[in-house]
Amino acid sequence: MNRMPRHELPVVPTANLVDIAILLIIFYMACSNFISQQGGTMKLPKASGLEKLNEPLVLVAIDNQGAITLQGRPVGGAADVESGVSDLLKDKTTDEMRHVMLRCDATVSRRVFEPVLNAIVQGGGIVVAVGEKAAEQP
Amino acid sequence: MYKFPKKKMLGQDAIPTTSLADMMFLLLIFFIMTTTLTRVTGIVSDMPAGTKAQQPQSEKTPMISLHDNKITMNDKDMTREEMERTLKGMRLDQKSGNAKVVILATEGDVSYQDYYQTMAFIQTCGGIVAIESEDEGGAK
């Protein structure tokens, strides 16, 4: 009499799954940038012809209330920005290392943003003004 | 007297690693949800710092002035489209050195949106933006 052969269910090897997960976690930790460092509520200005940029190490932000932050910390005014930027860029020699990112709300008045812009330049920084790409007109 | 543990007892105190995979996947989900992989867009502007020099009329640096809702270029009122056409016609990308500089001045109430749009257009045309601001010592 012929007997049917016994079929065992194939087992999926899951031992290496943890290693893969750890590698992915390391990747995401290295690539993450958290929104908390980018200042308060902000509506970025729109313009055409903007290019994709690497994020500089120095960040100046002005929110819709006109509050100025340097590296995520509130500062009193343009004079503090100038001294702060000049301290942070003290040993920076290449142009790329002198990049200072300016995130400013689109509605902010010139009385607030212009002294800050001037302070970054006087502090030795190259302004990287962040904005959003406007839809190209036909 | 201290007694060394017997060999067969050693394996019993091993760290439990069965829940490690669950923890790893929770962390993984957290990072996937919170990561932004998009790069920022903007303009890089190496603005010249210093004081304005006296120039003869023929070599005057072009100057765009934004005030309230008006645009003036070299003391002539114009619309944004006219200003953009004039800037394009100047072929700043083919010039070098100081000839690339365009002074951007502001008066009255100007929003960062208007300023940014003008600055981005000067950059797109190949120009270098210089900001003019009044201080105790005069224009910068």
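Q: Which residues of the largest nonpolar core touch the most other members?

A: In soluble globular proteins, nonpolar side chains tend to be buried together. A nonpolar core is a set of buried Ala, Val, Leu, Ile, Met, Phe, Trp, Tyr and Cys residues joined through C-beta atoms within 7 Å; buried means that 20 or more other C-beta atoms lie within 10 Å of a residue's own, with C-beta atoms placed from the backbone (12 or fewer is exposed, in between is partly exposed). In this predicted model, the largest core has 47 residues, and Val60(A), Val81(A), Val100(A), Leu102(A), Val116(A), Ile120(A) and Met119(B) touch the most other members. Helix H3 of chain B (residues 112-124) supplies the largest share of this core, 7 residues. Helices (H or I, at least four residues) and strands (E, at least two) are DSSP runs, numbered from the N terminus.

Q: With which residues is Met119(B) in contact, leaving aside its neighbours within four places in sequence?

A: Two residues are in contact if their C-beta atoms, placed from the backbone, lie within 7 Å. For Met119(B), the partners are Ala129(A) in chain A, together with Ile43(B), Ser45(B), Leu104(B) and Val129(B).

Q: How many residues does each chain bring to the contact between them?

A: Chain A brings 41 residues and chain B 37 residues. On the side of chain B that touches chain A, helix H1 (20-34), strand E1 (40-45) and H3 each give two or more residues. H1(B) contributes the largest share, 9 residues.

Q: In which sense do strand E7 of chain A and E1(B) pair?

A: Strands of a sheet pair through backbone hydrogen bonds, either parallel or antiparallel. Two strands count as paired if DSSP finds at least two bridges between them. E7(A) (residues 126-130) and E1(B) pair in the antiparallel sense over 4 bridges, and Val128(A) stands opposite Val44(B).

Q: What is the order of the strands in the open sheet of 7 strands?

A: The order is E2(A)-E1(B)-E7(A)-E6(A)-E3(A)-E4(A)-E5(A), with mixed pairing. Strands E2 (51-53) and E5 (73-74) of chain A are the edge strands, each pairing on one side only.

Key:
Residues numbered from 1 in each chain as written. Chains lettered and ligands numbered in written order. Predicted model: local features only at pLDDT ≥ 70, side-chain atom pairs only at ≥ 80, totals over all residues.
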